[in-house]
Amino acid sequence: MNFTRMSANMFNLILFGPPGSGKGTQSEKLIAKYDLKHLSTGDLLRSEIAKKSALGLEAKKMMDKGQLVPDEVVIGMISAAVDENPGAVGFLFDGFPRTSKQAEALDELLELKHLSINVMLALNVTEAELVKRLVKRGETSGRPDDNNENVIKTRIQEYHKKTSAVADYYKKSDKVVLIKGEGSVDDIFTSLTKEIDSRMKKN
Ligand code: B4P
């Protein structure tokens, strides 16, 4: 890890929500609008799997079962990715942090660079809708973790057991905004941009 000081004016955002809540979908639109550096641990892990690296092969075993990959692995990946992008105008963390330990590690990592999280936008979607979306994506995505309803349910259980507490962690510093994650992709995007724009003005 290098400790280069990054611009204190960076805008750092966490897009939070259960599997299938629209994090990946909305991230694509947000990075196009704000030019933030997109850091998706899901995408980083899938790229390791595609390369057949040792890390990817280990992660695949967990992901195919719908379980979270060990904290050390994803923390290491995010730390390296932040270091690789000192010129970014800000980071959009998508699918990270997913455990309290990851949240603490992210805070430490950002603090070393004199940075912090500006806001966590948390997408709120009912469980029935999550399952419906992921089953539908499974018809075309080729993702083994979308292919099987039991695996999808395990992913949602993992979210309740380990991930939902991450929102409580950021609530302590008043950084969480709940966003209705059902409705059209464009309407949800508008709700997200409203929150971001109002905070960027204050930044
Ligand atoms: P991720 O890649 O993060 O995948 P995800 O949570 O399933 O997807 P996402 O939430 O981005 O999908 P989206 O709603 O956009 O994680 C995959 C796995 O990687 C995890 O299970 C875990 O094993 C591992 N992993 C990743 N990060 C980790 C971490 N930090 N720690 C440990 N393990 C980690 O899309 C879902 C579908 O909904 C799409 O088909 C989309 O088209 C549709 N959709 C989106 N918005 C919609 C809307 N408004 N209406 C209707 N459909 C919509």
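Modeller: The model is predicted, and its secondary structure consists of eight helices and five strands. Read from the N terminus, the order of these elements is β-α-β-α-α-α-β-α-β-α-α-β-α. The C-alpha atoms occupy a box of roughly 45 × 40 × 30 Å along the principal axes. The radius of gyration is 16 Å, which agrees with a compact globule, because a compact globule of 203 residues would have a value near 17 Å. Of the contacts with a separation of 6 or more, 78% join residues 24 or more positions apart.

Of the 203 residues, 46% are buried. The exposed surface comes to about 10400 Å², with 51% of it supplied by carbon and sulfur atoms. As for charge, there are 31 positive and 29 negative side chains, and the centres of the two sets are 1 Å apart.

The residue to look at is Val-69. Val-69 sits in the loop that links α3 (54-65) to α4 (71-83). Although placed in a loop, Val-69 counts as buried because its relative accessibility is 8%, under the cut-off of 20%. Beyond its neighbours within four places in sequence, Val-69 has contacts with Leu-45, Ala-59, Met-62 and Met-63. In short, Val-69 is a buried residue in the loop between α3 and α4, with Leu-45 among its contacts.

How values were computed. Residues are numbered from 1 along each chain as its sequence is written. This is a predicted model: local features need pLDDT of at least 70, side-chain atom pairs count only at pLDDT 80 or more; totals for chains, interfaces and linings use all residues. Side-chain values use heavy atoms; hydrogens and water are left out. Helices (H or I, at least four residues) and strands (E, at least two) are DSSP runs, numbered from the N terminus. The radius of gyration is taken over C-alpha atoms; the globule rule is 2.2 Å times the number of residues to the power 0.38. Buried means under 20% relative accessible area, exposed over 50%, partly exposed in between (1.4 Å probe, protein chains only). Contact means heavy atoms within 4.5 Å. Accessible areas come from the Shrake-Rupley method with a 1.4 Å probe; for residues, only the protein chains shown count as cover. Lys and Arg count as positive and Asp and Glu as negative; His and the chain ends are not counted. The place of a charge is taken as NZ of Lys, CZ of Arg, CG of Asp or CD of Glu.
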